[in-house]
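Here are my notes for your first look through this one. Keep the model open beside you as you read.

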Amino acid sequence: MNVLLNKLKEVLSAVFPIVILVLILSFTIAPVPGILLARFIIGAILIILGLTLLLIGVDLAFLPLGSNMGKTLLTSNKLWFIIVVGFIIGFFITFAEPSVQVLAEQVSSVTGNLISAGLIRSIISVGAGVLLSVGFTRIVKDFSMRVMMCVILGVILIFSFFAPPTMLAVAFDAAGAATGAVTVPFILALALGAAAMQKDSKTAEQDSFGLVGTAALGSVFGVFILNFFVKTGDVDAVLDMQITDESSLLSPFFAELSHVALNSFLTLLPIFIIFMIFQKFKFHLQKNALRKIIVGFFYAYLGLLLFFVGVNAGFMNAGNVIGYGVALRESKALIVGVGFVLGALIVLTEPAVYVFTHQIEDVTNGHIKRKTVLIFLAVGVAFSVGLSMLRIIVPSIMLWHYLLPGFAAAVVLMFITPKLFVGIGFDSGAVAAGPMTATFVLAFTQGASEAVEYSNVLIDSFGVIAMVTMMPIIALQLLGFIYKLKLKSSASAHIPESQNPIKNGE
């Protein structure tokens, strides 16, 4: 009961600010129809309950499962086994990720089904699986994280020159969508389990992070490869702003229930099958441990069910209407300010952020406080959404105007920040862009883009997840650089290296 109450308090403190922001906007500058606002409130309640149950399920099932798998893979002496199993895990975990499904369906819808949702999900999952295998190989062979990331980003830069604006936005958005409520806890646990097998404690701390960011960049490759086979051309998307079922308050929730119930089941089924295979041939867990993981899957299922019913039936339309209403105001700069505030608040509602920040604090023995990480994440995402709104109202600003200097800055920071923060930084970008960003923030951005006459919904709104993926990488590496300077100029520099995971990390 204490665990349930603690998780509930944690989720309430995160979701409550975004609810207050939406209510303020709906009664001031962006009026929302009464029935839609009521659905938003119901959706918020379902999201709070869903996140609470999902986080309990993560603790009971995903974290021990991923940790055991990471240990099993790293103790294998067969590189081919690590590569093959790493790819299989990466593919199925990513294909099961709800955020990937949301992004795929939205892209398919606004492009008139030019690219099917199933094809997008598959190609994103293939890319994530390939680079997850690369990430595991790096841990086993002890390759430099900095060198690997430079190579990956360099190849992505080359690919980006051949991609039209539509596919460029979708490709980088895929990196954020591929790492959400399901994939992040699982991959973080994989990395933690693999790192636990390292004999060198400093190497183990560094290898605890970076795997999520590596898998996320694989999704970018997937979409770029798809671009060579499916040409989107100059697609001009139109957003459907019509509110359905105005006469019935609860009908959208019941309409979503059966659909989401099946999708939530299919989301967790591949992970459960992988677990049972490993349990049969590798884990051999005791009955109590096995029962605990199964119960955790049940909690996770209920959590996903409630969360996505709330998001799909209560949040999406509200996001469209509020974004549309704010963008219609005479002062276009207002949309930038609202986007900044929304970004700062929305990252706190992401379920994977809690798992990620707690793991940072645990791995570093409390040297890096989760509240500090949350502050830097919030600032990074605030700039992400604010700059994305600016791109909507200033047509001369292209997505690559942000991404090129942004990732260049991330590369430079890799060589001046402690190694630990390189992995943390790239993981943070993937973690910040979860299901809430893929639903409410993207819906808000699409609504704003639809209200601006000269804006293209597909090109101008789909880059927001890419921005949310990039800015935290810079923010967290800056945090690492600040820690490095602090250690050099204060008495904490005399802390024994064995007790300080940040010292000597250059």
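1. Phenylalanine 91 is buried, at a relative accessible area of 18%, where buried means under 20%, exposed over 50% and partly exposed in between (1.4 Å probe, protein chains only). Phenylalanine 92 comes out as partly exposed, with 36%. Their ring centres sit 5.3 Å apart with the planes at 90°, so this pair is edge-to-face. Rings of Phe, Tyr and Trp (its six-membered ring) pair if their centres lie within 6.5 Å; planes under 30 degrees apart are stacked, over 60 edge-to-face, and the rest tilted.

2. A word on the basis: this is a predicted model, in which local features need pLDDT of at least 70 and side-chain atom pairs count only at pLDDT 80 or more, while totals for chains, interfaces and linings use all residues. Numbering runs from 1 along each chain as its sequence is written, and side-chain values use heavy atoms, leaving out hydrogens and water.

3. What about phenylalanine 278 and phenylalanine 283? Their ring centres are 5.4 Å apart and the planes meet at 40°, so the pair is tilted. Phenylalanine 278 is buried, at 9% relative accessibility, and phenylalanine 283 is buried too, at 13%. Both belong to a cluster linked by ring pairs, along with Phe62, Phe272, Phe275 and Phe297. Searching the whole structure turns up 18 aromatic pairs.

4. Leucine 285 sits in the loop between α11 (251-283) and α12 (287-327); helices here are DSSP runs of H or I with at least four residues, strands are E runs of at least two, and both are numbered from the N terminus. Leucine 285 is partly exposed, at 22%. Setting aside residues up to four places away in sequence, leucine 285 touches Asn68, Phe275, Gln279, Leu290 and Ile293, with contact meaning heavy atoms within 4.5 Å. Asparagine 68 is 217 residues away along the chain, yet the two C-alpha atoms are separated by 9.9 Å.

5. Two charges are worth a look. Arginine 121 lies over the face of phenylalanine 95, 4.1 Å from the ring centre, and lysine 282 does likewise over phenylalanine 81, at 5.3 Å. The test asks for NZ of Lys or CZ of Arg within 6 Å of the ring centre and within 35 degrees of the ring normal.

6. Now the whole chain. It has 20 helices and zero strands, and buried residues make up 61% of its 506 residues. Of contacts between residues at least 6 apart in sequence, 86% join residues at least 24 apart.
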